[in-house]
Amino acid sequence: MEPRNLRPRARQNVILELGFSVARLGRARVCALYQEGVELPSDFRGVEYTSFDAGGAWKLKLARELYHAGVQFDPLRAL
């Protein structure tokens, strides 16, 4: 038997919630956070993905996406 190339995946409820967010807000207004090495769902092309990193740069990327989406927030409190 040949070994499979298995990769971690998000739980089914997380994928369902991502789909609900895309349906409710639209692809242009969704930015999904993911951990490096976890398989990304192929059905969500057009959704912005930002990976977590140990240095915390993902926070700045997410804040930028929120700003461009027109979400009003205090970036200093969010970071």
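Colleague: How many residues does helix α2 have, and how far does it reach from its first C-alpha to its last?
Modeller: Helix α2 covers residues 57-68, which is 12 residues, and its end-to-end C-alpha reach is 17 Å. That is close to the 16 Å expected at 1.5 Å a residue. Keep in mind that this is a predicted model.

Colleague: What comes just after α2?
Modeller: G70, which takes a positive phi of about 85°.

Colleague: And what span should helix α1 have?
Modeller: Helix α1 runs over residues 12-25 and has 14 residues, so at 1.5 Å a residue it should span 20 Å. Its end C-alpha atoms are 20 Å apart, in agreement with that.

Colleague: Which residue follows α1?
Modeller: G26 follows α1, and the phi of G26 is positive, near 95°.

Colleague: Switching to pockets. What volume does the largest one have?
Modeller: The largest pocket comes to about 280 Å³. Its lining is made by 17 residues, and A10, V14, A32, L33 and Y34 are the ones nearest its centre.

Colleague: Which elements give two or more residues to that lining?
Modeller: α1 and β1. The most comes from α1, with 5 residues.

Colleague: Now the core. Which residues make up the largest nonpolar one?
Modeller: There are 6 residues in it: L18, V22, V30, A32, F44 and V47. Nonpolar side chains tend to be buried together in soluble globular proteins.

Colleague: What does V30 touch, leaving out residues up to four places away in sequence?
Modeller: V30 touches L18, S21, V22, L25, V47 and E48. Among these, L18, V22 and V47 belong to the largest nonpolar core along with V30.

Colleague: Aromatics next. How many aromatic pairs does the structure hold?
Modeller: There are 2 aromatic pairs. Y34 and Y49 form one that is edge-to-face, at 6.1 Å centre to centre with 85° between the planes. That pair links distant parts of the chain: Y34 is in strand β1 (residues 31-34) and Y49 is in strand β2 (residues 48-51), 15 residues apart.

Colleague: And what is the geometry of the pair formed by F52 and W58?
Modeller: The F52 and W58 pair is edge-to-face, with 4.9 Å centre to centre and 75° between the planes.

Colleague: Is W58 buried or exposed?
Modeller: W58 has a relative accessible area of 19%, so W58 is buried, given that buried means under 20%.

Definitions and conventions
Residues are numbered from 1 along each chain as its sequence is written. This is a predicted model: local features need pLDDT of at least 70, side-chain atom pairs count only at pLDDT 80 or more; totals for chains, interfaces and linings use all residues. Side-chain values use heavy atoms; hydrogens and water are left out. Rings of Phe, Tyr and Trp (its six-membered ring) pair if their centres lie within 6.5 Å; planes under 30 degrees apart count as stacked, over 60 as edge-to-face and the rest as tilted. Helices (H or I, at least four residues) and strands (E, at least two) are DSSP runs, numbered from the N terminus. Buried means under 20% relative accessible area, exposed over 50%, partly exposed in between (1.4 Å probe, protein chains only). A nonpolar core is a set of buried Ala, Val, Leu, Ile, Met, Phe, Trp, Tyr and Cys residues joined through side-chain atoms within 4.5 Å. Contact means heavy atoms within 4.5 Å. The expected span of a helix is 1.5 Å times one less than its number of residues. On a 1 Å grid over the protein atoms alone, a cavity is a set of points where a 1.4 Å probe fits but cannot get out, and a pocket is an open set with protein on both sides within 12 Å along at least five of seven lines; lining residues have an atom within 4 Å of a point. Grid points are joined across faces, edges and corners, and a volume is the space filled by probe spheres set on the points.
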